[in-house]
Amino acid sequence: MQDIKAIVAKNIAALRGAREMTQLELAEKLNYSDKAVSKWERGESLPDITVLIAIADLFEVSLDHLLRPETDSKFVRAKRASRRRHKNRGFITGMCVVLVWLLAILLFIILDILAKTTWGPWLPFLYAIPATLVVWLIFNSMWFNPRRNFFIISLLMWSVLGSLFITLFFAGFTVWSLFALGIPGQIIVWLWSKLRYKNEDAE
């Protein structure tokens, strides 16, 4: 019988490739290091049963799928299904972003009718930027690359500060010191991105 380590190694690598996922991305989802994933895919070590179950759940396959030799056709079908799923998730994210801007346009029209100032109606477009980033952050956390979250959070923080500054500016207040809040905030985001996982050295 074929070595179980080699079978699991081939199946994990094939499933990860079908999802177009890097070893680092898989490791982060499993709370392990990319070195551990690399060892699994080379057949140098075998994940324990709880990790195998987590991998099966992540790729939406049975545990039996991981433990038995698979034909190439099954992985081709899995890869096609993964690409369709990835595209659909991209479309859903895009639709939600467009919805944010649709709401901004509706608010602009309402404020344009009711507002007594010329700058007031433009506020929905100003705050649609951080709202868009919030939507992106949510869907990226669920479906895409979690490492990108740090970049999105940084953009979100500065866009919120910028929106508040512009709002206060048109209200008659020039508060440049508001951007000082972004410095410790950016440091926190950077330090957060450097955190390592408890299973960093797991095999």
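## A nonpolar surface patch

A patch is made of residues with over 30% relative accessible area and no salt bridge, and nonpolar side chains are joined within 5 Å. In this predicted model, one such nonpolar patch lies on the surface. Its members are Leu-99, Leu-102, Leu-103, Ile-105, Leu-106, Leu-107, Ile-109, Ile-110, Leu-111, Ile-113 and Leu-114. Together they have about 1000 Å² of accessible area.

Ile-110 belongs to helix H6, residues 72-114. Its relative accessibility is 44%.

## Ala-81 in helix H6

Helix H6 also holds Ala-81. This residue is partly exposed, at 25% relative accessible area. Ala-81 and Arg-19 are 62 residues apart in sequence. In space, their C-alpha atoms are 9.0 Å apart.

## Helix H3 and its cover

Helix H3 spans residues 34-42. Its buried residues are Ala-36, Val-37, Ser-38, Trp-40 and Glu-41. Their cover includes helix H1 (4-18), helix H2 (23-30) and helix H4 (49-58). Just after H3 comes Gly-43, with a positive phi of about 75°.

## Packing of H8 and H9

Helix H8 covers residues 149-170, and helix H9 covers residues 182-193. They pack at an angle of about 170°, and their axes are 10 Å apart. Angles over 145 degrees count as roughly antiparallel. H8 and H9 are therefore roughly antiparallel to each other.

On the H8 side, the contacts involve Phe-150, Ile-153, Ser-154, Met-157, Trp-158 and Leu-161. These meet Gly-182, Ile-183, Gly-185, Gln-186, Val-189, Trp-192 and Ser-193 in H9.

Notes: Residues numbered from 1 in each chain as written. Predicted model: local features only at pLDDT ≥ 70, side-chain atom pairs only at ≥ 80, totals over all residues. Heavy atoms only, no water. Buried < 20%, exposed > 50% of the residue type's maximum accessible area, 1.4 Å probe, protein only. Helix = DSSP H or I, 4+ residues; strand = E, 2+ residues; numbered from the N terminus. Contact = heavy atoms within 4.5 Å. Patch = residues over 30% accessible without salt bridge, like charges linked within 9 Å, V, L, I, M, F, W, Y side chains within 5 Å. Areas by Shrake-Rupley, 256 points an atom, 1.4 Å probe, with all protein chains shown as cover. Salt bridge = Lys/Arg side-chain N within 4 Å of Asp/Glu carboxyl O. Axes fitted to C-alpha atoms, helices over the stretch in contact; angles between N-to-C directions. Parallel < 35°, antiparallel > 145°, perpendicular 65-115°, else oblique.
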